Amino acid sequence: MSAMSVVNVTEQVTRQILYEAYVQPGRLACACLLCQEDILAIALNHLPPRYVSRHTGELYAKAEYFNLQLESDVLQQLARAAQAVAAHPRHEKPS
Ligand SMILES: [Zn+2]
């Protein structure tokens with residue numbers, strides 16, 4: 001039997017939106033993995049987690065992605081987090 005595990009749908013959706021709205025269009029001051037993970041962590045600390053079993057996680061994430069209130073909350077928190085990390089990256093600012 002495989003190990004039981006759960007996934008946080010909010011995290012999946014937030015990772016997806018961070019990529020589509022910031023990383024892919026090149027909107028981050030720095031897109032290194034350290035900055036990306038810092039942005040994700042800051043944003044997720046201000047968003048309610050939604051846990052589901054991994055078995056149903058993927059399907060559920062797709063449905064949640066089209067939850068407009070969640071998407072709006074995620075975008076708002078990502079904007080705050082991206083601004084905070086751009087102002088204070090945990091490494092030297094790129095010149
Ligand atoms: Zn960086």
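Me: What do buried, exposed and partly exposed stand for here?

Reply: Buried is under 20% relative accessible area, exposed is over 50%, and partly exposed lies in between (1.4 Å probe, protein chains only). This is a predicted model: local features need pLDDT of at least 70, side-chain atom pairs count only at pLDDT 80 or more, and totals for chains, interfaces and linings use all residues. Residues are numbered from 1 along each chain as its sequence is written, and side-chain values use heavy atoms, with hydrogens and water left out.

Me: Why is Cys 32 called partly exposed?

Reply: Its relative accessible area is 28%.

Me: What makes Cys 32 a donor of the zinc ion?

Reply: Donors are N, O and S atoms within 2.8 Å of the metal (3.2 Å for Na, K and Ca); water is not among the atoms, so sites may look incomplete. The SG atoms of Cys 30, Cys 32 and Cys 35 and the NE2 atom of His 91 lie 2.0 to 2.3 Å from the zinc ion. Therefore these atoms count as donors. Along the chain, the donors follow the spacing C-x1-C-x2-C-x55-H.

Me: Why is the zinc site called tetrahedral?

Reply: Four donors count as tetrahedral if all angles lie between 85 and 135 degrees. The angles among the four donor atoms here are 94 to 119°, so the site is tetrahedral.

Me: How do you know that Gln 36 is buried?

Reply: Gln 36 has 17% relative accessibility. The limit is under 20%, so Gln 36 counts as buried. Gln 36 is found in helix H2, residues 33-44. Helices are DSSP runs (H or I, at least four residues), as are strands (E, at least two), numbered from the N terminus.

Me: Why does Leu 18 count as buried?

Reply: Leu 18 has 4% relative accessibility. That is under 20%, so Leu 18 is buried. Leu 18 is found in helix H1. Leaving aside neighbours within four places in sequence, Leu 18 is in contact (heavy atoms within 4.5 Å) with residues including Gln 36 and Leu 78.

How values were computed: Four donors count as tetrahedral if all angles lie between 85 and 135 degrees; four count as square planar and six as octahedral if opposite donors are over 155 degrees apart and all others between 65 and 115; anything else is irregular.
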